[in-house]
Amino acid sequence: MNAPSKAPFKARAKAALADPVLKTAIDRTTGNAERKRAAAVAAFPEFEAARARGKAIKDHVVAHLDHYLEMFERNAAARGAQVHWAADDAEARAIVTRICLAADARLVTRAKSMLGEEIGLPHALADAGIERVETDLAEHIIQLAGEAPSHIIWPAMHRTREQVAELFKTGHHPPPAAEDPATMVQSARTQLRTKFLSADIGISGANFLVADTGATCTVTNEGNAELTTTPPRIHIVTAGIEKLVPSTAHAFALLRLLVRSATGGEMTQYTTFHAGPKRPGDADGPEEMHIVLVDNGRTKMLADEFREMLRCIRCGACMNHCVVYRQIGGHAYGGTYPGPMGSVLTPVLDGLAASRDLPNACTMNGRCAEVCPVGIPLPTLLRAWRRRSWREGLEPGSIRTGIGLWAQLARRPRLYRLATRIGLPLLRLFGRGGWISRLPLAGGWTDHRDLPRPAAQSFMDQYRAQQKGRK
Amino acid sequence: MTARDRILSAIRTALGPGKPPAQIAAEAAALLDPAGIARPHLVAPVLPDAFALKATALGTTIDRVASMADLPQAMARYLDAHGLPPRFAMQPAPELAALDWQGLAPHQGTAPDEPTALGLALCGIAESGSLVIHSGPDNPILMSFLPLHHVAVLRESTLLPYLEDYAARLSAQAVPRNAILITGPSGTTDIEGSYVRGAHGPGFLHVILIADAGTEPG
Amino acid sequence: MPGEPKPTVGLFVTCLVDAIRPQIGFAALQLLEEAGCTVEVPQAQTCCGQPALNSGDDRDAAHLARQTIAAFEGYDHVVLPSGSCAATMVHGYPDLLAGDPEWAARARAMAAKTHEITSFLADVMGYAPSGRRCDASATYHDSCSGLRELGIADQPRALLAHVEGLEMRGLPGNDACCGFGGTFCVKYSDISNAIVTEKAEAIEETGADILLAGDLGCLMNMAGKLHRRGAKTRCFHTVEVLAGRATGPAIGEDAP
């Protein structure tokens, strides 16, 4: 629901490609993530078995989604949490805003949640006149910059340390004493400490919704989720309905995959289950807990060929290993979720007409599916969008004509032979010394690389001539 | 129709008729069986060693002592080694209050910039080097998050081998408001991937491991 | 083996080999015959249909799938000097035709006997080249479709190990896509260019004389970029070296 940049995808990608600082920032983070994930998987020989199990758990939940939603609702209510249901992003925003306004909330702290971004929570809170403080360090950075996340695990990965220092210089009072990461992190710690303790409401997402206990689970490395959810009077959780797991043990089975795939660690520093508000006698905790269960396209995915995408546990491994993401970064995608998983989800959320480039801007190399901890066949799902885009006439006329003409030829082998017999010598006229450096209508190729000059005679013609000679 | 009805009815239309709850529960349980094939092995044959290896790899420091009576001395050692003041926040637990804290000054309540806090871990998990704390009347959650130094007392007798063992224990008892697994000091890699400790939570996690295995009930 | 009939192989040379570098087709033919196969090249072949399949044009892709199946299903094996076209037949055809009562089973049957050439030579025929020599250093790029959809990684390396004088050098990022992606490279040419630039840099850094790969599309992309950058790396398809045919002009070097 983040309003995508007005520029078309290709223009956004081109701008990103022209930014050497961005490239450096992407390489540092994704390169690290790739190496650390590989090491974590190598150190866990049971990873494949764990992955098969994780996939089966998610499939099981999706196959009984209504059952687990009702079970979760029942158990969360039994712990004193109030469960709300939102069919779409607008309903979800309205529910959260209503809770905030009813509580007369002035200051809201928020622990990073991609679902919150998906439903446009930051804008909704601003529109309601509520001060929002992002507490995840990366979210804090992009809040100061007025940006959207560019990665689902490292939302500020597009910013270098120098750029962060600039933001903190004006955004922190007093500004950090130095520009090294340790000093800047310390400065953010000091800045946010008072916000944590004076917030009226804390909003978090959920990595898991545990059906049999009614608990929501957050995982963080910073400890900001607990500082966001404990001191305020009210804790609001917004979560997609696909986050359900049958039990805590199932959550752990998925957590082993999630952390290794996301950061290459084995466990996040803080894995916290939140079951309802403060109990009588509890030393601290919120007086109210609200859980907003959000559909926003998920039941649509359940009903069609994108059901497997509901397995996604938001680890970000697909984007860390994507050659396209690693060149253009997250913002160029223009949706809430970037990279391969985002290219499957954005057409669901923003419509295919507005996002048809995303499933097409993929080389189909399959590396995303190879590293996906729950075995989502991302290229297959991207191809499904391409099919739909073709069927709905959303593909540009030049591509339709090109593919159509070529297919007409390829469907007629004799004509095809004839075309190569005429075409190859013609094409060769553009060549010099074995290479073609400029070719009309083929600028997409020759702008960037040379084209090997075709053969004077096709294989099939040469072969036929040889066969005749033999006889 | 409410949003709830619309969502559930869309799901049921997509999925068709459901199975009996008992069958779903049996299928869910079968998904985790056997546990051993899809989880990491412990890194040492005995639980305290396995726990300690995992925890220290993540930057947690460990002091192994013989009994609870050694706790004040161990605490004094830690404070001294880090140049910390003798004043520290202490969990309001009777078994901590009962100890002789001579020379140190434990107090209740955790200030926003509290240097050090001392609390009891409910149990530990050897697989991951995690500590577990549960919220409750004598266990404020913020005590484990506000200080720069978090010192946790962990009895060896409470160590569990795997995450599933803790899950089983959690489901067998009343679920607390907050159940937290703490695995190493707070950290972030949000600026250029550089690892920095103490992002919001404690920058130092110190575990005083009490060698009580077999001598006290767990 | 006397008395035992030779397996028949239908060779699908691929549209790129047909038009750009026929020599790869002849190298494949030679290797298959050396391995003890009776090889035929059906005249009804054009393109496997991958461009249509990857563009979402399933109707044209399915038409080409049926045409190709009809032309090749009579052979014991179907072999291609391309992992990506082979993967289209192995995975794409059965998916495309799954709902077609007449063709679904035929697509599955053909998928079961379709092979990329190096895996066919090594795994099915147990073939190893002998008496081949190539005095050069070489690095190998794993083309994505072959690697991930067909599991081709060890076979080409094992076969190349039999070529005397050939010094293989590791390519950092050997399993990362080169940015070709079929129509991707022209539809999103700026992104493709950024990807292949990194690939070319990695290839140049190995200092190898030769770049080898098993897919002409990827090779054309990398060779074209290397040449544009002024690199001296020469590019050949794996089968050209295996067949002892890497003696003449490399890809893009002026051929008669």
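Over residues 405-467 of chain A, the chain is 56% helix and 6% strand, with its end C-alpha atoms 31 Å apart. An unreviewed UniProt entry annotates residues 405-467 of chain A as "domain: Lactate utilization protein B C-terminal"; such annotations may be inferred rather than shown by experiment, and their positions follow the numbering used here, with feature names shortened. The model is predicted: local features need pLDDT of at least 70 and side-chain atom pairs count only at pLDDT 80 or more, whereas totals for chains, interfaces and linings use all residues. Residues are numbered from 1 along each chain as its sequence is written, and chains are lettered from A and ligands numbered from 1 in the order in which they are written.

**Chain A: architecture**
- Chain A holds 24 helices and 12 strands, taken as DSSP runs (helices H or I, at least four residues; strands E, at least two) numbered from the N terminus.
- Chain A is divided into domain 1 (9-299) and domain 2 (397-470), with bounds from an automatic or database domain assignment.
- The C-alpha centres of these two domains of chain A are 52 Å apart.
- The C-alpha trace of chain A spans about 100 × 55 × 45 Å along its principal axes.

**Contact between chains A and C**
- Chain A contributes 49 residues and chain C 58 residues; two residues are in contact if their C-beta atoms, placed from the backbone, lie within 7 Å.
- On the side of chain A that touches chain C, helix α21 (residues 397-410) of chain A gives the most, with 5 residues.
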